[in-house]
Amino acid sequence: MKNRLLAPLAMLLALVAPAVALEIKSDTRPGALPPLTAPGDTAINRTDRTQFFRNADGSMVDGSLLNALPSGRKAVEQSDETDLSTIPSGGRPPQTIARRFSNRVNPFDKIPDELRDGVISGSNGVDLTAYLRAMLALDLPVDLPCGSYRFRGKLTVRANQYLGGAGFGCTKLVVGYRNVNGVDVPDLEAGTTALVELETNAQFRDLQIMLAQPDTANRARLVAYPVALDVSKASSGILANLLIGGAIDGLVCGGNCGGLSLDNIWIGAANRHFVFDGALNYVFGSKLMAWPIGFKTQNLLKLYNDGQGTCLEMGKVEAYAIEGISCSATKIRFWAGRNGGGSFGNIGLLNLDANGSTLNTEPGSGQINVGTLYSTKNAAAAQTLAMGRVANIAGGRVNIGNIDVDANGTNAAQTVFLDSILVSGGALNIGSGSILQRRGEARAILATSGRVSFGAVSFESGNANGYGRSVPYVEQGGTAEVDFGAASFRRRDNDSGLAVKFGTDTSGNRIDPGQLHGWDMSIATRNKGRYGDATLQLTLDAMGEGSVGHGYSGDSPFRKFVPVAIVKKASEALTILIPSTNLMVDSGAIYVRGLGAAFAGATVYVQTRPTGL
């Protein structure tokens with residue numbers, strides 16, 4: 001027994017002796033004993049997973065490798081690695097030989113022992129840039145365990161390479177700042193243009209990049225870090241489970257990043273969160289979030305919520321497919337791009353959260369298809385920012401399958417209210433949903449140019465007690481064309497004012513008064529558009545009387561139109577305008593009365609026209 005206990009110690013001494021070379025013999029035959037001829041000889045039966053050692057007195061001891069936990073570093077054949085663990089020097093955690101022989105980089109093999117505890121605890125303030133670059137230079141996958149890795153220069157994840165952590169809650173890449181002549185500047189090497197850069201087919205995942213910012217509400221005092229994550233060369237790259245905080249610009253593609261895939265990416269940036277301009281193929285995304293990460297103090301949060309930041313910028317992108325993106329207090333910008341052409345693609349769910357989150361399109365921006373657009377604009381009582389706009393459509397073609405907007409909450413502290421959707425160019429098509437405009441001081445939609453069309457969209461006031469509108473719910477003017485399709489307006493008993501105002505007569509204007517459900521509307525002129533006019537025909541009987549159904553239904557039919565009747569006598573080529581005293585209207589029909597037998601057989605044309613016109 002004593003010899004069996006001393007055997008591992010003897011093996012250790014033999015391994016660490018500076019001038020002794022150790023040969024480990026092996027055999028694969030079950031039950032076979034490799035020849036041990038001299039004291040100190042060591043052998044392994046790889047099939048039985050058994051070790052053998054020849055003592056100085058000639059005796060031999062053996063032991064199982066399955067539970068072996070030798071002290072110090074051991075050299076074994078790669079085929080013997082399974083289940084064999086080692087305790088590396090310097091007090092590092094045990095690890096299997098399989099891990100040591102794998103084609104992946106373990107950072108603790110590169111970072112000096114004296115820095116390890118600081119990395120794990122997050123208290124390390126030492127620059128690890130050289131060590132991180134040395135790992136990436138091996139062109140092997142790099143796994144960063146939980147810890148804080150401070151760096152001061154660009155890290156490049158090369159083509160087909162992998163850099164990942166153990167989750168963005170515990171693996172952190174950290175950059176700080178320093179004060180130079182009273183100005184806070186990034187603590188980075190001179191000329192650093194990006195913190196992390198990805199190349200073709202690179203993978204970057206399961207960690208966070210955290211950038212320190214001073215406690216300020218002044219944008220001019222923010223630390224002007226370079227781009228946090230540059231994916232301009234990352235065609236077919238994969239990014240997943242990332243968190244970036246305290247940035248100025250978050251993720252930027254300024255080149256061909258076609259084929260790039262993004263999944264569960266959270267970014268907090270003062271200026272731009274996600275930027276794409278130049279992709280020549282699909283860009284894929286899901287669970288993208290613009291949120292004030294790294295802007296923790298009240299001052300920084302106020303700065304983040306000032307409405308100046310952008311959530312998503314889409315320039316020239318040949319195609320994109322984004323399952324969902326949520327933007328907090330930040331704008332979306334679609335534009336033509338540096339080289340023109342715009343973008344074409346789909347967003348499944350677009351969440352425009354809080355004031356400042358607005359969908360903006362510019363001339364030449366391409367086509368945007370949104371499955372569902374959800375937006376609320378209800379500020380807290382202490383907030384002084386004017387209620388935000390939901391969309392500014394100035395170009396391109398925007399197709400929204402379903403819309404859910406709750407705008408301009410009844411907050412007594414608010415004095416300025418923006419129209420929810422402004423259309424000054426391009427085309428906006430909304431298939432279904434509801435637009436809840438809570439204030440009579442703001443329009444749901446103002447269109448001055450371009451084209452707007454609705455499917456089954458419901459416009460609601462949202463005030464159970466009703467209110468008077470000082471501006472129309474929807475207003476058209478200029479060269480805009482507005483087609484209300486199957487849209488409808490919900491009117492409460494105490495509501496008053498105009499639901500719709502057509503400021504100009506354009507050929508694309510279309511509405512039926514039955515869609516208003518008792519609301520009034522205004523039309524400037526009526527030559528080109530279709531505003532609910534209808535021409536009905538009837539033939540008078542022997543007494544010069546007759547009736548025809550007008551087809552209107554719903555609330556207050558008498559408010560929806562007035563009849564204008566023209567009679568052509570059967571016996572003469574004569575047209576006569578019937579006096580209004582000879583016309584009657586009820587909820588189902590128009591009646592001609594009292595013309596007498598002289599008009600027997602005459603054809604009457606009744607033109608109906610919405611009231612207030």
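## Salt Bridges Across the Chain

A salt bridge is a side-chain nitrogen of Lys or Arg within 4 Å of a carboxyl oxygen of Asp or Glu. In the structure shown above, which is a predicted model, Asp143 and Arg104 form such a bridge, with their closest N and O atoms 2.7 Å apart. Asp143 belongs to strand S7 (residues 142–143), whereas Arg104 sits in the loop between helix H2 (97–101) and helix H3 (113–121), so the pair ties together parts that are 39 residues apart in sequence. The two partners can also be described by their accessibility. Asp143 has a relative accessible area of 15% and is therefore buried, because buried means under 20%. Arg104, at 36% relative accessibility, counts as partly exposed.

How many salt bridges does the structure hold? The total is 21. The general principle is simple: side chains of opposite charge can pair when their charged atoms come close.

## A Bridge Between Strands S17 and S18

A further example is the salt bridge in which the side chains of Arg272 and Asp249 meet, at 3.2 Å from N to O. This pair links distant parts of the chain, for Arg272 is in strand S18 (residues 261–276) and Asp249 is in strand S17 (residues 238–253), 23 residues apart. Are these residues buried or exposed, or do they fall in between? Arg272 counts as partly exposed, at 26% relative accessibility. Asp249 is buried, with a relative accessible area of 14%.

## A Network of Four Charged Residues

Salt bridges may also involve several residues. Arg451, Glu481, Asp483 and Arg510 are linked in a network of salt bridges. One of the links joins Arg451 to Glu481, where the closest N and O atoms are 3.1 Å apart. Arg451 lies in strand S29 (residues 445–460) and Glu481 in strand S31 (residues 481–483), so this pair ties together parts that are 30 residues apart in sequence.

Both of these residues have intermediate accessibility. Arg451 is partly exposed, with a relative accessible area of 31%, and Glu481 is partly exposed, with a relative accessible area of 24%.

## Asparagines With Positive Phi

The next topic is backbone geometry. Most residues other than glycine have a negative phi. Against this background, which phi value does Asn160 have? Asn160 is not a glycine, yet its phi is positive, at about 65 degrees. Asn160 lies in the loop between strand S9 (155–157) and strand S10 (162–164). With 60% relative accessibility, Asn160 counts as exposed, because exposed means over 50%.

Asn201 likewise has a positive phi, near 65 degrees, in a residue other than glycine. The position of Asn201 is in the loop between strand S14 (194–198) and strand S15 (203–211). Asn201 is partly exposed, its relative accessible area being 35%.

## The Surroundings of Gly337

Gly337 is located in the loop between strand S22 (331–334) and strand S23 (343–353). This glycine is buried, with a relative accessible area of 10%. Which residues is Gly337 in contact with, leaving aside its neighbours within four places in sequence? The contacts are Asp277, Gly315 and Lys316.

Strands of a sheet pair through backbone hydrogen bonds, either parallel or antiparallel. Here, 3 strands form an open sheet in the order S36-S40-S39, with antiparallel pairing. Strand S36 (546–549) and strand S39 (583–585) are the edge strands, each pairing on one side only. From one strand to the next, the twist averages 20 degrees.

S39 and strand S40 (residues 589–592) pair in the antiparallel sense over 3 bridges.

## A Nonpolar Surface Patch

Which residues form a nonpolar patch on the surface? The patch is formed by Ile566, Leu577 and Tyr605, which together have about 260 Å² of accessible area. Tyr605 is part of strand S41 (residues 603–609). At 34% relative accessibility, this tyrosine counts as partly exposed.

Definitions and conventions:
Residues are numbered from 1 along each chain as its sequence is written. This is a predicted model: local features need pLDDT of at least 70, side-chain atom pairs count only at pLDDT 80 or more; totals for chains, interfaces and linings use all residues. Side-chain values use heavy atoms; hydrogens and water are left out. Helices (H or I, at least four residues) and strands (E, at least two) are DSSP runs, numbered from the N terminus. Buried means under 20% relative accessible area, exposed over 50%, partly exposed in between (1.4 Å probe, protein chains only). Contact means heavy atoms within 4.5 Å. Patches are made of residues with over 30% relative accessible area and no salt bridge: like charges are joined within 9 Å, nonpolar side chains (Val, Leu, Ile, Met, Phe, Trp, Tyr) within 5 Å. Accessible areas come from the Shrake-Rupley method with a 1.4 Å probe; for residues, only the protein chains shown count as cover. Two strands pair if DSSP finds at least two bridges between them. Axes are lines fitted to C-alpha atoms, for helices over the stretch in contact, and angles run from 0 to 180 degrees between N-to-C directions.
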